[in-house]
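Reader: Can we go through the helix packing in this one? Start wherever you like.

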Amino acid sequence: METLRRCLHGRPPGGGPVSYSRHRNPRGEEEEQEEGAEPMVRLPRPRTRPRRRPRPWLHPLATLALGSATAFLLGLLVAALGHTPCRGGAVGAGPLPGGSTPDLVWGGASAEAPPPRPRLRELLRRHLREERVEQWAREVSSGPHGAGSGRGRALAQSVLSALAGAGLSRAWSRPQPLPLPVRGAVSLRWVGPGGEELERLPLDPEAFCAWSAPGTATGGLVYGHYGRPQDLAELRARGVEPRGHLVLLRLGRGRPAQQVSAMFAAGALGVLFYRDPRDTAGPGAGPALGGGATPTLHVQDGAGDPFSRGFPSFSGHAPPGPAPGVAPIPAHPLSAATAMRLMRSLGPPLAPPRWGVPGGSLRFRPRPGGRRLQLRVGAGTRPGTLTSVFGALRGRLEPDCYIIVGAQRDSLGPGAAASGVGTALLLELARFFAAIGREGFQLRRTLLFVSWDGAEFGHLGATEWLEGYPGLLHTKVAAYVSLDRPVLGADRFVVRTSPTLGPLIESALEQVESPNEGGKSLLEQLRRPGRGWESDVIRPLAPESGAFPFTAAAGVPALELGFDEAVGGSGGSRAALGTPEDTLSRLGARLRGRLPAVSRAVAAVAAQLLLRLGHDPRLPLEPAAIGDALVRQLAPLQARGLSLQCLSSARGGVVRAAAALRRDMSGSDGANERLNRGFNARLMAAEASLLSPFVSPLASPFRHVLLGRGKHTLAALVAELGTHVQLRLALLAWTLRGTAGALAGDSGDIGDIGGGLGDSGDCGDMGGGLGDIGDIGGGLGDIGGPLGQ
């Protein structure tokens, strides 16, 4: 009835006028048909019941003949009206301003393939201004602007004004009350046998470990290198155990949350972090991190508010007690200078030479009646309010389908690399797409530009926002692109992505000029003789990535892209994150004057991705990549000679369903909007179907079986084979069977698409055989629906 109402008023959902008719097919079933036509809609006039009059006498045969002829003529009239040729094509497919269409603007002709974009480089040169990028990066990084701070709120208002002035359909901000971690009283000192202070060690008054458990740890000291399993094995081979001691760990390999959890499992009483000066010098002549610089870290494994895992926070107050999901031992960061003072107190046994420990020793063991090391951490939270900023550019043909591009805005330090460059690129991309829209090109789908708050403490703003729409986000959001920390170096381009977006990267890199080798595309620069470029560029999403919660918790295809330092460099710009030394001048010195060119290249790649995702009639997602990811994660089993029939069968079902979907798409009319919508729904459902339905989001928010965190993941099962995991294997196999069903278009009844999964006993044989955004008054956020409120 809504479609009929719009047709009668001459206002179709997406553009030009349409005609509307209702008729019955030969089986007597009622059908509806919408087609473009003249503004005047001609429908058969309903027959009114005549008033009763005295009927003249007429022979019954004449009456029958007259009735038959009338019915025949009326049927012809209805058929003619129901098949009037369309002027506007598919519903909502009207001409763009100026009489152009998306394909004509870009010179394309095929509705299936993306149109060629010969004008893109010229448009980027004209609309993407390097001086504006530098100006915004300088403004953002002019001082600390932590989550919920006064300067953070002022910066949010500046970003809101910039998005509103860029020419977008709508811009708005969203406050979110949330408990925020704060630094309490912290001390590190040598104490005597009675607890009296012998020596106090210097600490940075601002740096701390967010979400650390409060408490006091007193004991000896063990140097644990990076705290990895192989490092613990080296310690134990030398007779050194962390149990009952504090552990000094080097940053740069692994996440702090993993390191603290591993030390707690090994029996340590507390953890001290530091950045080694050799890690911070980086390649070339770039400046090293100062010996007194101390980073602020967070030690929760994952993202979001740890007090409301799996659901949005309802207030800014935290319940009493430590943060759930965080190892219950105190942790604190040190400067390199303070760490060196501690290492000089260590004694035998000797460390492995490759660890490069100053003095070469591993352990300080307190003597009876001697001194001990004491760490006291007074961590806590305070009520706060995050302010994330949104800007929407409405899509013309599919306004109810969203492509989101987001960037971190907050930083506890100046944050040039952490948030300055990413925010600047976000604003310039918003200006770019609004500008080309005014020149006649409008994307099919809605672009949503978001400046997130609270990323420094574990992507609080983004995770809290998406947790508000469980089961809905993946049906409205086709992809998420993260611009967090997009320029940390200039030597290596890296994309961290969920499986279905991986194959899209190649076409984007092929269109962008390399900032390092003139006359070459980025793809040509990345290719190496004898090896595929993918192994150097594409990585799986990591928990510290801003895109991680979108895929791992919401099932939305997501990626994060940017330039990093050369392989083997763990310091440089990355080492300065969260410290006062993350300044624009230092970042420019590290890149040796190439910051504008590198930033432009990142923006160009992001623009290419957004154009494909926002314009292609059929989303450029590749479901077959899920099968490839399964093969990679199952490879350790094959190396051990194990064959789990249930998982192999389920993987085969996913591969066959993906191939069947591709065959259906290649054999269908690429201009049929109804078919395209159906195919896109199946493509979007693929990633979401990998969220395990057998675990609660309250217990395990990151339910993605390939990228998530928890015992339900394939990686966890591979690591624990040999224990009693039959039930978990069966549940994982059924999750993959649901993926095959989603690709087949019917998750409720997928027949034999799962490939003969068999009963769950097979898994025990280890030897195995937003709604329409309407009139931009209300949507994803405040623009037409529930999302973002």
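Author: This is a predicted model. Helix H11 passes H20 in a right-handed crossing.

Reader: Which residues make the contact?

Author: On the H11 side they are Val 421, Leu 425, Leu 429, Phe 432, Phe 433 and Ile 436. H20 supplies Ser 599, Val 602, Ala 603, Ala 606, Ala 607, Leu 610 and Leu 611.

Reader: How do the residues of that contact divide into nonpolar, polar and charged?

Author: Twelve are nonpolar, one is polar and none is charged.

Reader: And the angle between H11 and H20?

Author: About 50 degrees, with the axes 10 Å apart. H11 covers residues 416–438 and H20 covers 595–615. Angles under 35 degrees count as roughly parallel and 65 to 115 as roughly perpendicular, so H11 is oblique to H20.

Reader: What about H5 and H11, at what angle do they cross?

Author: H5, residues 130–140, crosses H11 at roughly 135 degrees, and their axes come within 8 Å. The two are therefore oblique to each other. H5 passes H11 in a right-handed crossing.

Reader: Which residues meet there?

Author: From H5, Arg 132, Val 133, Trp 136, Ala 137 and Val 140. They meet a set in H11 that includes Ser 419, Val 421, Leu 425, Glu 428 and Arg 431. The residues of this contact divide into eight nonpolar, three polar and three charged. Val 421 and Leu 425 of H11 also take part in the contact with H20.

Reader: Changing topic. Which residues touch the most other members of the largest nonpolar core?

Author: Phe 433, Phe 449, Leu 509 and Phe 550, in a core of 136 residues. H11 gives the largest share of this core, 14 residues.

Reader: What does Phe 550 touch, leaving out residues up to four places away in sequence?

Author: Its contacts include Trp 452, Trp 465, Leu 473, Tyr 480 and Val 556.

Reader: Last one, Gly 415. Where is it, and is it buried or exposed?

Author: Gly 415 sits in the loop between strand E16 (398–408) and H11. Gly 415 has a relative accessible area of 0%, so it is buried.

Reader: Which residues does Gly 415 touch, again not counting those up to four places away?

Author: Ser 141, Gly 420 and Asp 582. Gly 415 is also 7.2 Å from Pro 144, C-alpha to C-alpha, although the two are 271 residues apart in sequence.

Definitions and conventions
Residues are numbered from 1 along each chain as its sequence is written. This is a predicted model: local features need pLDDT of at least 70, side-chain atom pairs count only at pLDDT 80 or more; totals for chains, interfaces and linings use all residues. Side-chain values use heavy atoms; hydrogens and water are left out. Axes are lines fitted to C-alpha atoms, for helices over the stretch in contact, and angles run from 0 to 180 degrees between N-to-C directions. Helices (H or I, at least four residues) and strands (E, at least two) are DSSP runs, numbered from the N terminus. Angles under 35 degrees count as roughly parallel, over 145 as roughly antiparallel, 65 to 115 as roughly perpendicular and the rest as oblique. A crossing is left-handed if the near helix is turned anticlockwise from the far one by less than a right angle, and right-handed if clockwise. Contact means heavy atoms within 4.5 Å. Ala, Val, Leu, Ile, Met, Phe, Trp, Tyr, Cys and Pro count as nonpolar, Asp, Glu, Lys and Arg as charged, and the others, Gly among them, as polar. A nonpolar core is a set of buried Ala, Val, Leu, Ile, Met, Phe, Trp, Tyr and Cys residues joined through side-chain atoms within 4.5 Å. Buried means under 20% relative accessible area, exposed over 50%, partly exposed in between (1.4 Å probe, protein chains only).
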